[in-house]
Amino acid sequence: MTPDADPSVVQPLDAGAYEEWDDASLVGRAASGDDSAFAVLVRRYQGPLFRHALRLTPDRRLAEDIVQEAFLTAWRRLPTLQTPEAFRGWLYQITTRRSIDAFRARRPEQPVDTTAPELDGLVAAEPGPEARAEQRAQLGDLAAALQELPVAQRAAWAMREVDGLSYEEVAVALGVPVSTVRGRIARARRELVERMGSWQTTRD
Amino acid sequence: MADDARLSCGRSIDDVWSHLDGPPDEHERTCPYCLEARARLLRLSDAAIDLRSTEAADPALQPDPGFTASVMGLVRAEVRRGQAIPLDADEVPGLTISEQAVVGLVWAAADSVPGIRARRCRVRPFTDDDGDGDGDGGEDGWQPPDEHELRSGTLVDVDLALAVEPGTSIVEATATLRRRVAEQVARETGLGVRRVDLTVEDVL
């Protein structure tokens, strides 16, 4: 008998017990209304999603609003989610769409696909002072080269190669077939490798 | 586009990429163009992973410190309570408990069983369709496990999805789980658990 247990209150696991749980279990719990499980998912994905939004739209405040909206929309839609594995693709889908829409709305005079790099946050995303200048230069080059890609290629390549999503998850996120995703990522990769010609000569 | 990526030896960047995971093939081992492309592709993959960890550690690329709390404030304002289940089937007007509160009790009971991660859950009041009042819905031979406890409490059916940790005896763990769920729900609410339907979704 637990005399102090209040049946009207959901008794979650000890704080921290969820932290090691797999995504699918947390998503299943959250789908049935467990907000503590959802909080772990928020903490797990807020950073990657925020950085993903920042790659697509340079406004920090806007990126935060978009990610917040993505989580809230995901929470509302969770009861209809068919497979727990789709959850991450879903968060990226909402974030990607809103980021691209917001960027287009902000800069109507400029086609998104040819926008020059202006992502101060990312280009300045340098390691700490102790990091090697070489690595810093290489990552700066990569971040800059990434910003010069058309937004659809940039989003696809970064989700796959930086954020580690599967091709299927990227397809969900972009709302296009997997074959299209493979094509976009291959084009982005060729473009980035091409540009690496200029950065590798400064090393070796 | 594919022609742009054709190396001087006639192979494409995509060809080289397709065996990047394994050792270079016979042609690649002796082809300077392929070896160079291979080196660049490997460097690009490494740089993508470096970019992920560098950005993840960069204080300038995190959402504001209050972000999680702000998202969860919005989420908790929309917590779903589910349907109201009458605690006592015979009492009018009756006292009810939210489905969500009972689900929380089911989870708490399930979480206490080693090797089990409880996921989606539904709790529904059982309606005695055959109307003979014995609470068996027309089934033959069913007896409530405890006549005294179930005399007036509403009967409920529980659906619960699970993941189990490897090495867990599913038969043993699910038997314990059914017993603890029934005990916990009866003790805290007086509801009688008629049935616990378990679906093992995953072995972790």
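In chain B of this predicted model, 62% of the contacts with a separation of 6 or more join residues 24 or more positions apart. In chain A, the corresponding share is 61%.

- Chain B contains seven helices and five strands.
- Chain B has 204 residues, and 32% of them count as buried.
- Chain A has nine helices and zero strands, so its elements, read from the N terminus, are simply α-α-α-α-α-α-α-α-α.
- Chain A has 204 residues, of which 46% count as buried.

**Nonpolar cores**

- The largest nonpolar core here is made of 68 residues, and Leu41(A) and Ala156(A) have the most contacts inside it.
- Helix α2 of chain A, residues 35–56, gives the most to this core, with 12 residues.
- There is also a second, separate core of 31 residues, and among its members are Leu155(B), Leu162(B), Leu191(B) and Val193(B).
- Leaving aside residues up to four places away in sequence, Leu41(A) touches Leu26(A), Val27(A) and Ala30(A).

**Helix α1 of chain A**

- How many of the nine residues of helix α1 of chain A are buried? Seven are, so this helix, residues 23–31, is largely enclosed by the rest of the structure.
- The buried residues of α1(A) are Ser25(A), Leu26(A), Val27(A), Gly28(A), Arg29(A), Ala30(A) and Ala31(A).
- After α1(A) comes Gly33(A), which has a positive phi, near 95 degrees.

**How α1(A) meets α2(A)**

- Two packed helices are described by the angle between their axes and the distance between the axes.
- For α1(A) and α2(A), the axes come within 7 Å and cross at roughly 135 degrees. That angle makes α1(A) oblique to α2(A).
- This crossing of α1(A) and α2(A) is left-handed.
- On the α1(A) side, the residues that meet α2(A) are Leu26(A), Val27(A), Arg29(A) and Ala30(A); their partners in α2(A) are Ala37(A), Phe38(A), Val40(A) and Leu41(A).
- Sorted by class, the contact of α1(A) with α2(A) has seven nonpolar residues, no polar ones and one charged.

**How α2(A) meets α3(A)**

- The next pair is α2(A) and helix α3 of chain A, residues 60–77, which pack at an angle of about 140 degrees with their axes 9 Å apart. These two helices are therefore oblique to each other.
- Is the crossing of α2(A) and α3(A) left-handed or right-handed? The crossing is right-handed.
- The contact uses residues of α2(A) including Phe38(A), Val42(A), Gln46(A) and Leu49(A), and residues of α3(A) including Arg60(A), Ala63(A), Glu64(A) and Trp75(A).
- By class, this contact of α2(A) with α3(A) has 12 nonpolar, one polar and two charged residues.

- The crossing of α2(A) and α4(B) is right-handed.
- In α2(A), Asp35(A), Phe38(A), Ala39(A), Val42(A), Arg43(A) and Gln46(A) meet Phe67(B), Thr68(B), Val71(B), Met72(B), Val75(B) and Arg76(B) in α4(B).
- The residues of this contact of α2(A) with α4(B) divide into seven nonpolar, two polar and three charged.

**The whole interface**

- Overall, 56 residues of chain B are in contact with 52 residues of chain A.
- On the side of chain B that touches chain A, the elements giving two or more residues include α1 (13–18), α4 (67–76), β3 (116–125) and α7 (170–189) of chain B.
- Which element gives the largest share of the side of chain B that touches chain A? It is α3(B), with 14 residues.
- By class, this side of chain B has 30 nonpolar, eight polar and 18 charged residues.

Notes. Residues are numbered from 1 along each chain as its sequence is written. Chains are lettered from A and ligands numbered from 1 in the order in which they are written. This is a predicted model: local features need pLDDT of at least 70, side-chain atom pairs count only at pLDDT 80 or more; totals for chains, interfaces and linings use all residues. A residue is buried if 20 or more other C-beta atoms lie within 10 Å of its own, exposed if 12 or fewer, and partly exposed in between; C-beta atoms are placed from the backbone. Helices (H or I, at least four residues) and strands (E, at least two) are DSSP runs, numbered from the N terminus. A nonpolar core is a set of buried Ala, Val, Leu, Ile, Met, Phe, Trp, Tyr and Cys residues joined through C-beta atoms within 7 Å. Two residues are in contact if their C-beta atoms, placed from the backbone, lie within 7 Å. Axes are lines fitted to C-alpha atoms, for helices over the stretch in contact, and angles run from 0 to 180 degrees between N-to-C directions. Angles under 35 degrees count as roughly parallel, over 145 as roughly antiparallel, 65 to 115 as roughly perpendicular and the rest as oblique. A crossing is left-handed if the near helix is turned anticlockwise from the far one by less than a right angle, and right-handed if clockwise. Ala, Val, Leu, Ile, Met, Phe, Trp, Tyr, Cys and Pro count as nonpolar, Asp, Glu, Lys and Arg as charged, and the others, Gly among them, as polar.
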